[in-house]
Amino acid sequence: MRNLYLWFIATMLIAPFVVVLGVSMGESKNIAFPPDALSSAWYSELLTEAEWLAAIGRSMLIAVCAAMISTVLALAINYVLWRTKSGFAKATFALGLGPFLLPPIILALGASLFWAEVGWYGRMEATIISHGVFFMTLPLVIIARGFAALTDEVIEAAQMMGATPAQVFQTVVFPLVAPYVFTGFALVAIISVNEYLIANMISGFVVETLPIKIFNNVRYGYSPVVAAASMLFVALTVTILLVLSRITDLVALFGTSKDT
Amino acid sequence: MIGPRTYGPRLIGGLAFGVLAVFFVIPLIFMIVVSFYQPDPMGFYKVDFVWENYGKFFSSFYYTVSFRSLYSAALGAVLVVALAFPLVLFVSDLSRRMQLFWIILLLSLMCLSEVIIGFAWLILMSESAGLPRLLEWVGLWKNPRSLSPSFGAMMIGLVFLGFSIVSLILYPSVSRRDRNIEEAAVTLGTPPALVFYKILIPTFRTSLVSVTLTMFVYLLGVFVMPTMLGRPKDWTMTVIISDKALGDANLPLGAALAVVMLIVTVLVLIVSALLTRRRAT
């Protein structure tokens, strides 16, 4: 019974992507599964056409910069909270949880109005900053686990040896929390690459990211290039997560096993 | 821990707070302000203080839409949690390798764009590929038609979207649970179904309720699934807000609807916090 359920859910979760993979590799221009003949034409169209390439490049740039902002913010808030344990730091931490709790449309509309008022509508920087600030909750929570795992002895040892706070941070704290920082960075980058609503509301007509382009394509008559682009996403996301699983212990990060 | 008179942490903390305040809090406040402005058909809005945008919310159309989206979000949230909780229980007892497989699978799905998941289901439900064609091939359905757009298709999309998130939220507490009571019950010959209803559900009741509420809020905000898989009458509040703000360029009305949604969200969050707190004390 147990295995049956696990298999059922796994099939349901994976099946849609098998179909998309089939469509993306099919020869026919109409959506058909299983494909009649195999062809890689849609992938080469995706990777040669300037419009698609531009969207891919924009999305990647936004993702990397946004992840940078998110992790720096999350690291800063956690560091201050760890050092001072002040009420202000706790309040900042709580505020950082906010974006995750609100429906994205509210954040998106607020940001859209804000950027229009500031006069940055249509600038990529606006999308980058908003993504960076709105997605910081995940690294915030993940890096907090890193700080929780720090033991006082190493810090005290470093201080006894005469290290300044900056040196302690550089040589002891940062290396120990680095895996968590990296995990947070990667997750924000993936989420930002995949995000549609906020990017679209902020400056979707001008800064066309990959999800926006896919959405517009699906809505106004699609071609199998969309399927190829989707598979590119799936491959990218899964690859990054597999690399992450080599660097950090994801099982321990998301649910501690009994032997801790 | 370190010398008390250092300004470094305060400076860093203040900066981080400032960034959050400027780019997260101020936009929300500005949105509330705009919701009282006068819509301007030619451009953005005219500075004013009127209640008419909220008045429009109580006109029948938006009322129906918001009730409909409350209904589909609530139904979706319950379905997601009902499906995800058993899965998480089963996964937490698997070997470490298999747990890692499931975590990567769930994490990938959580990160994956709504647009792509919606597109995948769109294909899966279409006439020429996916389920209808499979049913035809098996011989169960003579003249297959596309299954979307429909309410059912949208619900499947919503459940799929929420599934990975709920599983990952529940996973830590479920995998760390004290297994002694279950084991004792099983040793005494209790059937697994009874263990599930009498032990596991009561143990996790609070977290199940709070994750259901979280999911409810999340599903209220879903945008792509209703537009791709649902009929216009299944559209949620999110779609209407975006439609008003971008499509009709009526920003004050969009803002007012978003404020109503914000209020609903905050109320749900408060209820959720109260429920968890009562458990803690």
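**View 1. Helices H4(B) and H7(B) cross in a left-handed manner.** In this predicted model, local features need pLDDT of at least 70 and side-chain atom pairs count only at pLDDT 80 or more, while totals for chains, interfaces and linings use all residues. Residues are numbered from 1 along each chain as its sequence is written, and chains are lettered from A and ligands numbered from 1 in the order in which they are written. Here we look at helix H4 (residues 96-111) and helix H7 (residues 151-175) of chain B, whose axes come within 8 Å and cross at roughly 130°. Helices (H or I, at least four residues) and strands (E, at least two) are DSSP runs, numbered from the N terminus. Axes are lines fitted to C-alpha atoms, for helices over the stretch in contact, and angles run from 0 to 180 degrees between N-to-C directions. A crossing is left-handed if the near helix is turned anticlockwise from the far one by less than a right angle, and right-handed if clockwise. From H4(B), the contact uses Leu106(B), Leu107(B), Leu109(B) and Met110(B), which meet Ser164(B), Ile165(B), Ser167(B) and Leu168(B) of H7(B). Two residues are in contact if their C-beta atoms, placed from the backbone, lie within 7 Å.

**View 2. In chain A, H3(A) and H6(A) make a right-handed crossing.** H3(A) and helix H6 (residues 124-134) of chain A pack at about 45°, with axes 8 Å apart. So H3(A) is oblique to H6(A). Among the residues making this contact are Ile62(A) and Ile69(A) of H3(A), along with Ile128(A) and His131(A) of H6(A). By class, the contact has 8 nonpolar, 4 polar and 1 charged residues. Ala, Val, Leu, Ile, Met, Phe, Trp, Tyr, Cys and Pro count as nonpolar, Asp, Glu, Lys and Arg as charged, and the others, Gly among them, as polar.

**View 3. Chains A and B meet through 73 residues of chain A and 72 of chain B.** Helix H1 (residues 2-25) of chain A gives the largest share of chain A's side, 11 residues. That side holds 55 nonpolar, 14 polar and 4 charged residues. For a closer look, find Ala120(B), which touches Pro16(A), Phe17(A), Val19(A), Val20(A) and Ser230(A), not counting residues up to four places away in sequence.

**View 4. The largest nonpolar core has 163 residues.** Such a core is a set of buried Ala, Val, Leu, Ile, Met, Phe, Trp, Tyr and Cys residues joined through C-beta atoms within 7 Å. Those with the most contacts inside it are Leu109(A), Ala120(B), Trp121(B) and Ala258(B). Its largest share, 17 residues, comes from helix H3 (residues 50-84) of chain A.

**View 5. Ile199(B) sits in helix H9 (residues 192-203) of chain B.** Ile199(B) counts as partly exposed because it has 17 C-beta neighbours inside 10 Å. A residue is buried if 20 or more other C-beta atoms lie within 10 Å of its own, exposed if 12 or fewer, and partly exposed in between, with C-beta atoms placed from the backbone. Leaving out residues up to four places away in sequence, Ile199(B) touches Ile181(B), Glu182(B) and Ala185(B). Helix H8 (residues 180-187) of chain B is hardly covered, with 0 buried residues among its 8.

Note on methods: Angles under 35 degrees count as roughly parallel, over 145 as roughly antiparallel, 65 to 115 as roughly perpendicular and the rest as oblique.
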